[in-house]
Amino acid sequence: MKTFINVEDIGPIEKAMAEAFEIKNDRYKYQHLGKNKTLMMIFFNNSLRTRLSTQKAAMNLGMNVIVLDVNAGAWKLETERGVIMDGDKSEHLLEAIPVMGCYCDIIGVRSFAGLTDRDYDYAETVLQQFIRYSGRPVFAMETATVHPLQAFADLITIKEHAPQKRVKAVLSWAPHCRALPQAVPNSFAQWMLADPDVDLVITHPEGYELDPKFVAGAHVEYDQRKAFEGADFIYAKNWSNPGVTNPGDYGKITCDDRSWTVDTEHMAWTNNGKFMHCLPVRRNLIVTDDVIESPNSLVIPEAANREISCSVVLKRILETL
């Protein structure tokens with residue numbers, strides 16, 4: 001595996017799950033693979049779980065780790081070609097990327113959507129430059145459109161807590177005070193749809209339809225209560241308008257209906273459903289205190305499984321070096 005961006009990169013889901021539970025049972029089993037290998041983690045945006053879990057996974061595999069926060073101590077980077085660089089950006093990504101590649105064996109990139117230019121974001125412009133110019137295997141630590149390490153961890157968590165083999169998972173939009181990208185819901189949908197034992201329902205206000213590239217085949221239910229009925233897992237997540245039905249709305253907040261906030265009444269509609277969220281979460285906006293603190297909340301086990309999903313990905317990449 002030379003790149004890890006979408007669910008198809010991981011291969012058969014059953015094999016990936018088996019590998020995840022093998023590693024969870026013995027996190028240092030493949031420590032020999034990373035000896036004298038270096039991971040470079042490049043952050044264009046803030047991180048807590050991704051930074052800590054990815055670094056821990058790399059250390060479990062015996063790797064050296066370099067962390068570069070582009071916005072704290074590095075030269076300001078220009079990302080577009082053809083720009084006259086007479087402003088505050090003193091280095092171009094096209095020189096910086098191959099230099100970074102000189103110092104490592106694997107590169108992880110975290111670069112969020114700008115939410116102003118849909119074509120630029122959905123072309124994964126920054127990530128693709130790393131793939132093209134670094135000369136190293138590259139994996140996504142959340143990009144403009146996807147967060148596969150999170151979705152992989154989500155699926156591991158569902159498998160661990162599934163009340164039966166076949167389950168119903170609901171991806172529910174929730175209100176937020178800021179415009180957020182669609183990366184987490186896109187990847188969650190991709191990974192759930194790839195598992196034949198998960199029935200996925202997506203619920204959101206009309207006009208918030210996710211890109212068919214990620215959600216084709218999913219059942220969309222605009223009535224949140226109907227969507228929640230009989231659900232085993234509720235995954236609440238805000239996303240700004242994806243601009244699918246109206247391109248001019250891309251990245252905007254076109255709905256702030258607080259009735260979508262997940263509370264105890266919402267969870268009562270489910271089949272004793274478990275609550276999930278990628279974190280960080282705005283309490284009493286996305287979800288109420290009583291729900292996220294309830295015994296049915298999986299947000300901490302879900303976060304812990306980020307170490308496991310990343311371990312599988314890094315192991316797969318190391319095996320190709």
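**Cysteines, helix faces and salt bridges**

Biologist: Starting with C102: is it buried or exposed?
Modeller: C102 counts as exposed, because its relative accessibility is 58% and the cut-off is over 50%. Keep in mind that this is a predicted model.

Biologist: How many disulfides are there?
Modeller: The count is 0 disulfides. C102 is in none; its nearest cysteine sulfur belongs to C104, 8.8 Å away. A disulfide would need the two sulfur atoms within 2.5 Å.

Biologist: Switching to helices. Which residues of α3 are buried?
Modeller: Helix α3 covers residues 93–102, and its buried residues are L93, L94, A96, I97, M100 and G101. Viewed down the axis of α3, they fall within an arc of 160°, so they line one face of the helix.

Biologist: Remind me why spacing matters in an α-helix?
Modeller: An α-helix has 3.6 residues a turn, so residues three or four places apart point the same way.

Biologist: What do the buried residues of α3 pack against?
Modeller: They pack against the strands β2 (38–43), β3, β4 (77–78), β5 (91–92) and β6 (106–110). Helix α5 (125–133) is also on that list.

Biologist: OK, α5 then. Which of its residues are buried?
Modeller: V126, L127, Q129 and F130. Down the axis of α5, these buried residues fall within an arc of 160°, so they line one face of the helix.

Biologist: What covers them?
Modeller: The cover includes β2, α3, β6, α4 and β7 (138–140).

Biologist: Which residue just after α5 has a positive phi?
Modeller: G135, with phi of about 75°.

Biologist: Which residue has a positive phi although it is not a glycine?
Modeller: E142 is one of them, with phi of about 105°. E142 sits in the loop between β7 and α6. With a relative accessible area of 8%, E142 is buried. N272 also has a positive phi, near 50°, and is not a glycine. N272 lies in the loop between α10 (264–268) and β12. N272 is exposed, at 56% relative accessible area.

Biologist: Where is the cis peptide bond?
Modeller: Between L279 and P280, with omega about 0°. P280 is in the loop between β12 (274–276) and α11 (289–292).

Biologist: New topic, charges. How many salt bridges does the structure hold?
Modeller: It holds 15 salt bridges. In one of them, D211 meets R118, with N to O at 2.9 Å. D211 is in the loop between β9 and α8, while R118 is in helix α4 (residues 118–122), so the pair ties together parts 93 residues apart in sequence. D211 counts as buried, at 14% relative accessibility.

Biologist: What does D195 form a salt bridge with?
Modeller: K159, and their closest N and O atoms are 2.7 Å apart. D195 lies in the loop between α7 (183–194) and β9, and K159 lies in helix α6 (residues 148–161), so parts 36 residues apart in sequence are tied together. D195 is buried, with a relative accessible area of 3%. K159 counts as partly exposed, at 29%.

Biologist: And what about R283 and D289, how do their side chains meet?
Modeller: In a salt bridge, 3.1 Å from N to O. R283 counts as partly exposed, at 42% relative accessibility. D289 is also partly exposed, at 31% relative accessible area.

Biologist: Which residues are linked in a network of salt bridges?
Modeller: E19, K315, R316 and E319.

Biologist: Now the surface. Which residues make the nonpolar surface patch of about 270 Å²?
Modeller: I66, V99 and Y103 make that patch. I66 is in strand β3, residues 64–69. I66 counts as partly exposed, at 33% relative accessibility.

Biologist: Last one. Where is E206 found?
Modeller: In the loop between β9 (198–203) and α8 (212–215). E206 is exposed, with a relative accessible area of 65%. E206 and F44 are 162 residues apart in sequence, and their C-alpha atoms are 32 Å apart in space.

Terms used:
Residues numbered from 1 in each chain as written. Predicted model: local features only at pLDDT ≥ 70, side-chain atom pairs only at ≥ 80, totals over all residues. Heavy atoms only, no water. Patch = residues over 30% accessible without salt bridge, like charges linked within 9 Å, V, L, I, M, F, W, Y side chains within 5 Å. Areas by Shrake-Rupley, 256 points an atom, 1.4 Å probe, with all protein chains shown as cover. Salt bridge = Lys/Arg side-chain N within 4 Å of Asp/Glu carboxyl O. Helix = DSSP H or I, 4+ residues; strand = E, 2+ residues; numbered from the N terminus. Buried < 20%, exposed > 50% of the residue type's maximum accessible area, 1.4 Å probe, protein only. Arc of directions from axis to C-beta. Contact = heavy atoms within 4.5 Å.
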